[in-house]
Amino acid sequence: MATEHQSETLLKVDAISLSFGGVHALVDVSFDIQKGEIFSIIGPNGAGKSSMLNVINGVYQPTQGTITYKGEVRQGMRPHEAAVQGIARTFQNVALFKGMNTIDNLMTGRNLKMKSNLLMQGFYWGPAQNEEIVHRQAVENIIDFLEIQSIRKTPVGRLPYGLQKRVELGRALAAEPTLLLLDEPMAGMNLEEKENTCRFILDVNEELGTTIVLIEHDMSVVMDISDRVIVLDYGRKISEGAPDTVRNDQKVIDAYLGVAH
Amino acid sequence: MLYRETGQFKTSYKKDMAIFPIRQDRWALIATLIFVVVGVPLLATEHVIAGYLIPLLIWAIAAIGLNILTGYTGQLSLGHGAFMAVGAYSAYNLAARVPEIPIILVFLLAGLIAAIFGVLVGSPSLRIKGFYLAVATLAAQFFVEWVFATFPWFVGGAASMVIDTPKMTIFGYQITTTLDNYYLVLGFVVVGTLYAKNLVRSEIGRAWMAIRDMDVAAEVIGIRPLYTKLSAFAVSSFYGGVAGALYAFCYVKSVDFTAFDLFVSLKVLFMIIIGGMGSILGCFLGAAFIVVLPIILNEIAHLFAGQIPSAMLSNIEHMIFGGLIIFFLIVEPHGLARLWMTAKEKLRLWPFPH
Amino acid sequence: MPVELAFAIEVLIAGLLSGVMYSLVALGFVLIFKASGVFNFAQGAMVLFAALTFVRILEMGVNFWLAIAIALAVMILLAVIIERVMLRPLVAQPVIILFMATIGLNYFLEGLAQGIWDSQVHGLDIGIPDVPWMSILESTNILISLFDVWTAVICGVLVLFLAFFFQKGRIGRALRAVADDNQAAMSVGIPLQLIWAIVWAAAGMVALVAGAIWGQRLGVQFSISLVALKALPVLILGGFNSIAGAIIGGLIIGASEKLAEVYLGPIIGGGIESWAAYFIAMLFLIVRPQGLFGEKIIERV
Amino acid sequence: MADSSESRAQTFPQLLRQRLQHDAERPAMREKAYGIWQTWTLAQLCEEAFALAAGLSDLGFVRNDTLVIIGDNRPPLYGAMIAAQSLGGVPVPAYQDSVAQEIEYVVDHAEARFIVAENQEQVDKALEIREQCPRVERIIYCDPKGLRNYDPQVVIDIATLMARGREVLKTDPERVNSEIEKGAPSDTAIILYTSGTTGRPKGVVLSHENLLVTARNINAFDRITADEEVLAYLPMAWVGDNTFSFAMGLVAGFCVNCPESASTVAQDLREIGPTFYFAPPRIFESVLTSVIIRMKDAGRLKRWLFEHFMAVAKKTGVALMDGRPVAFWDRLHYGLGELLVYGPLKNTLGFSRVRVAYTAGEAIGPEIFEFYRSLGINLKQLYGQTEATVFITMQPDGVVRSESVGTPPPGVEVRIEDNGEVVYRGPGVFQEYFKNPEATAETKTQDNWVHTGDAGYFDDEGHLRIIDRAKDVGKMNDNSMFAPKFLENKLKFFPEIKEVVTFGDQRDFVTAFINIDLDAVGNWAERNNVTYASYQELAAHPKVYALVQECIEQVNQSLAQDSHLSSSQIRRFLILHKELDPDDGELTRTRKVRRRIINERYGDLIDALFDGREHCFVSTEVMFEDGRQGRIEADLEICDAAVSPERTRAAA
């Protein structure tokens with residue numbers, strides 16, 4: 001848990017609403033994310049948590065509201081631009097490139113940093129080859145960090161779920177993001193794998209200074225590692241604050257127990 | 001069984017990322033190269049080279065092109081014949097109208113023109129996907145057929161709409177014999193294959209596969225979908241264009257729009273499906289299969305010549321061909337390249353089963 | 001009525017009438033696409049196979065209606081065999097593999113059709129005279145082929161029947177469930193194999209009607225297998241999975257194609273019907289990628 | 001590259017400085033890391049080691065200081081050994097899988113002020129014992145992962161220390177060199193703590209001369225050159241690794257390769273393809289077991305090929321290896337087998353390039369031994385111990401037997417005492433037990449003869465045969481000899497049996513504890529539809545009992561043929577409910593049985609074996625992998641085994 005808080009706002013979500021047809025996925029949600037913090041979004045199933053991430057990195061365009069990132073209002077930002085701006089993420093249902101092995105999946109995370117053109121890549125000439133090697137080294141560091149050496153050259157489709165999640169985290173890390181969005185990184189993991197993943201997340205946060213937005217169902221994990229938490233229910237923000245504050249909020253308890261609105 | 005990998009350790013990423021990291025594979029490749037350069041001319045008859053080997057190699061180039069688009073990038077195309085046609089007609093017009101251009105450059109320019117055409121055809125690919133895109137490429141196919149069937153300008157005004165290709169010279173050396181043509185095609189195959197292999201193992205190749213495997217995730221990590229798809233269309237139709245040009249100049253020695261019809265597109269598609277989607281080796285295996293299968297069927301048919309009318313034989317050929325395709329898809333939907341990979345794995349593990 | 005206008009209306013009506021036929025063939029595609037997510041490339045070969053079967057049975061001197069019935073039975077049998085031999089083993093494969101299999105099937109059926117029967121051109125007379133509709137010609141000076149009208153009526157009835165059959169009732173519900181998610185449908189006990197056999201049989205029926213009608217026009221021969229490709233732009237326009245789209249799309253394509261051929265053809269070189277329809281469909285597609293009636297796909301991540 | 005100038009080198013650092021003059025760019029060490037084999041040339045290895053030495057010196061490390069080294073085989077850790085030796089200090093490697101208390105003993109006894117620890121896991125252990133070992137000043141780590149919040153006053157990065165050393169060398173370039181010059185052959189090169197089958201570990205002090213002379217002799221004996229590839233995968237704290245990887249490597253100049261991790265050793269072995277290889281019998285045994293198990297899943301044709309050609313190999317392979325005449329047809333047949341089976345098999349196991357392989361430490365099953373030799377792998381046995389710098393006897397090429405352990409190498413003399421104990425004298429004889437003159441005096445005589453504690457004899461060929469620990473050879477009540485280890489080894493040759501403890505000293509008959517091998521028996525269970533949820537359940541299964549009984553009865557039959565041993569036939573046995581485990585103190589770290597502890601822990605079970613009970617309840621305290629303590633309880637069945645009648649000579 002990062003102890004010293006710089007109160008520099010990295011991302012400002014302002015009155016975001018999102019609807020598909022008649023379904024309101026998000027309604028007037030606002031919050032700020034400070035640079036360097038671990039910020040968790042929690043809420044019951046279907047509360048709009050994943051939709052929120054999809055809005056932040058441009059997969060969905062909000063129906064209303066604005067996103068301010070690094071001090072600039074981002075209107076109609078596409079996922080690709082979000083990536084250029086240093087936003088990386090993982091998905092709730094693992095979204096790896098199944099036809100590739102672990103190294104190649106991680107290497108795709110570095111695509112924005114690679115500069116060789118088509119001609120050079122085809123001839124695999126000096127600069128293009130050197131570039132591949134430099135980025136392979138970077139990827140190997142992540143492989144070492146995440147302790148996935150033994151599956152380096154395994155096609156990811158053959159890996160068990162927990163390892164796939166770890167490879168996906170690796171792919172996001174390979175992009176060296178400023179803001180990392182993690183959508184249930186520990187779903188389907190056993191206790192030991194969860195502990196490992198927690199350690200990885202904290203390490204990334206502390207050593208690389210990466211700001212992290214986390215969606216997670218395991219409350220003990222969320223309460224342990226988050227600096228701040230917001231709670232969504234039916235697309236609305238119902239609570240926000242430090243883990244302890246949120247934990248004791250009656251509205252949150254009601255939402256989780258399913259009290260009628 | 002034939003592999004002896006013990007002691008082949010890699011001390012640098014360069015060696016680890018080599019195309020053939022296993023020594024025995026490198027030997028096999030060198031042996032194959034020696035065979036096709038030295039052995040084939042010594043052993044094969046002119047008929048075999050001109051009738052089978054040259055088309056096989058040309059089809060392999062075409063298949064590499066389509067495989068990049070369909071196998072690696074996941075964009076189904078039914079218009080590869082159109083790209084080949086554009087390449088063939090471009091090459092003819094460049095060579096006939098501007099004879100000063102060296103012939104190698106003509107082929108490359110023909111590829112480039114095909115690539116531009118490919119980008120045009122592919123431009124809707126950001127918005128339309130799957131079979132919709134396939135039908136769009138089909139439209140390109142019909143359009144191109146129509147253009148070359150309708151406007152005699154493209155064949156220098158020949159009323160028959162068919163014209164012989166001009167003679168080729170390289171650095172003053174006239175390409176005349178079958179063997180000359182064979183080496184010319186072989187040169188393109190070797191360079192083209194290496195180039196394609198390098199592309200698919202580089203950043204662009206990973207981007208292509210990322211788009212194929214999961215386009216949303218690809219975009220989220222910063223891969224530009226339009227650029228990536230269009231680059232696949234460009235590279236794919238470049239290979240198609242070069243293959244079309246070689247087909248016209250080195251194989252049939254004439255330009256004829258009927259040589260690049262829809263069934264050519266389908267034929268190339270068969271090659272990559274049977275050879276293996278997403279595999280460069282598969283392009284060669286698939287091309288060999290599609291070239292060799294009719295020959296074998298033909299040979300078998302010859303045994304029955306006289307007993308069965310020839311029209312019937314052709315129908316039976318069709319049925320066997322279609323039936324084999326279906327059989328193949330059921331038995332090994334990932335193609336010959338996968339069979340080869342499985343066999344190789346087994347050989348590496350021999351005598352152990354797994 | 002001025003001659004130009006009368007001519008234009010004439011062209012438009014002819015287009016719409018042939019459009020009904022496109023709708024019919026497109027429906028064959030749509031049904032299979034809905035049931036298996038695959039674009040059936042062998043539809044053309046099925047048209048050839050059905051028409052040849054029909055015409056050769058007729059030539060044996062069999063009664064017209066009996067010949068229809070026999071040909072229909074053959075097409076249904078074919079559908080069952082295809083489902084058994086080809087589709088069932090490929091059930092878990094990606095759609096592109098299924099698509100390739102239909103191309104293989106295309107080759108096989110072409111060979112089979114011409115192998116069993118022969119590759120000659122067979123004249124076919126289904127008893128509808130190809131003469132102008134005199135009363136209309138006299139009253140409005142618009143020339144409409146009676147043959148076109150009759151075929152449009154036959155096709156229209158068939159289209160409505162199929163549309164109704166696959167929209168409503170148990171089969172319709174099952175088909176929609178299968179179209180939504182193969183695996184899920186199977187898991188709730190919908191017999192995927194039966195649905196597949198039924199839609200392929202329907203496609204076979206469509207092929208028979210189309211083959212018979214085109215057969216009278218062009219003679220039953222190999223080239224009628226290419227007719228099916230004509231229906232593809234309809235699919236783009238109407239959406240691969242929309243029955244209504246297939247109907248409306250067929251009419252639009254039929255009309256605009258005829259108009260383009262008559263008015264644009266002479267300007268840019270004639271014979272443009274091979275691609276004009278595609279072109280129209282493509283333009284439309286860029287505006288609306290999911291087709292006229294296709295559902296908007298929201299990608300969930 | 002032992003040329004004349006190097007023979008003048010009297011310590012390892014001196015040797016390295018000489019070799020640097022012409023071998024600087026040769027690869028000296030490799031480590032699989034970040035996906036490739038990262039290479040240290042001799043120059044790089046020395047530069048890092050000397051920089052580290054300078055850094056250590058700056059921290060106050062002086063001559064005769066000890067440097068405890070804990071971790072897996074890593075080039076920087078070998079570099080740390082050189083660094084300590086360069087300053088005239090003494091590296092003390094500790095077993096990396098030891099628990100904190102075991103490390104505490106070593107650190108405390110060696111009076112270490114500095115510890116080099118590989119990673120967070122080892123640093124944590126080192127920090128844990130700081131209370132008890134207040135002498136420890138600094139803990140130096142190699143892998144910084146997870147260590148960023150540790151106290152930088154105590155825990156420092158090896159790279160930082162090297163950088164500091166380089167700074168020191170800039171101002172004082174002779175800081176390390178001058179210390180190296182002072183080195184003498186009798187200086188202590190290393191202290192190795194032997195796990196010992198009884199009591200506290202003893203620190204065996206070996207001098208540079210011990211190691212250098214031994215390495216030179218053995219390199220000459222087996223024609224070890226600079227072109228060998230060696231995989232350093234056995235614990236650095238074990239004398240074998242120190243001799244094979246460190247001493248022989250530095251003397252011969254070959255490259256030593258460190259695996260990526262303990263779990264990837266098999267893969268790394270396959271990649272490197274060592275030419276000179278050592279493994280204890282249990283490794284050869286488990287590799288063979290896995291071969292058999294994997295081949296059981298093979299198709300009919302492959303299995304037939306395998307069985308056919310293994311039979312051919314059995315017939316001709318060993319003869320070919322020993323250079324005996326073989327008929328042309330058999331040679332051809334074997335050649336075909338090499339192409340189809342042996343070659344690929346050696347390849348997949350990583351043994352293709354093995355020129356010399358050794359095994360030692362325990363007796364190896366004749367079947368296992370011959371399996372490898374018949375494949376064309378030159379596997380030999382040696383007999384040795386830490387106190388001898390490994391080598392007491394070894395088998396020369398061509399005269400290799402499974403039941404004996406060869407002849408003394410050049411410079412070593414071996415004698416059998418009247419009580420049957422093997423004693424030896426030679427250049428490798430250790431200096432002393434560190435701070436333990438009584439033990440030294442007990443083991444080593446005035447004129448340098450060392451007692452091995454093993455009983456043995458020279459056979460007709462003049463090769464040494466080892467029967468058992470001299471003190472473990474007991475007498476049964478009928479006065480016949482009882483050699484427990486001999487019996488145990490015979491049983492352990494069955495793949496289903498992992499460990500055995502036999503009892504019979506001063507008893508009327510012999511009984512045994514059995515540990516089944518989970519892999520082999522588990523596989524057997526799967527094929528025979530025996531279901532089980534745990535090791536304990538499998539061990540107690542009646543069918544497993546029947547399986548083990550069969551093995552024992554086979555051994556009994558063979559024992560019956562030997563008049564000396566026929567009364568050692570095993571009459572009763574039980575299968576233990578848990579695996580004997582070094583963490584519970586039942587085995588040494590090198591997996592030797594600690595009889596005294598077993599006698600204490602399982603006294604009631606032993607009594608039950610002899611008093612005819614059919615069941616016995618047992619409850620044992622165990623240590624889990626994560627360090628928690630717990631209890632396992634079971635009611636064990638005791639089973640009788642049939643005894644064969646003694647064969648008289650006439651009958652035989």
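Where is the place of Pro351(B)?

**View 1. A cis peptide bond in chain B of a predicted model.** Pro351(B) is in the segment after helix 14 (335-349) of chain B. Trp350(B) and Pro351(B) are joined by a cis peptide bond, with omega about 0°. Helices (H or I, at least four residues) and strands (E, at least two) are DSSP runs, numbered from the N terminus.

**View 2. The contact between chain B and chain C.** Chain B gives 32 residues and chain C gives 38 residues to the contact; two residues are in contact if their C-beta atoms, placed from the backbone, lie within 7 Å. On the side of chain B that touches chain C, helix 6 (130-150), helix 11 (262-275) and helix 13 (310-331) each supply at least two residues. Helix 13 of chain B supplies the largest share of that side, 13 residues.

**View 3. Gln506(D) in a loop of chain D.** The loop runs between strand 23 (497-503) and strand 24 (510-516) of chain D. Gln506(D) has a positive phi, near 55°, and is not a glycine. Gln506(D) is exposed, with 10 other C-beta atoms within 10 Å (buried means 20 or more such atoms, exposed 12 or fewer, partly exposed in between, with C-beta atoms placed from the backbone).

**View 4. Asn529(D) in a loop of chain D.** Asn529(D) sits between helix 17 (518-527) and helix 18 (535-539) of chain D. Its phi is positive, about 55°, although Asn529(D) is not a glycine. Asn529(D) is exposed, with 7 other C-beta atoms within 10 Å.

**Notes.** Residues are numbered from 1 along each chain as its sequence is written, and chains are lettered from A and ligands numbered from 1 in the order in which they are written. In this predicted model, local features need pLDDT of at least 70 and side-chain atom pairs count only at pLDDT 80 or more, while totals for chains, interfaces and linings use all residues.
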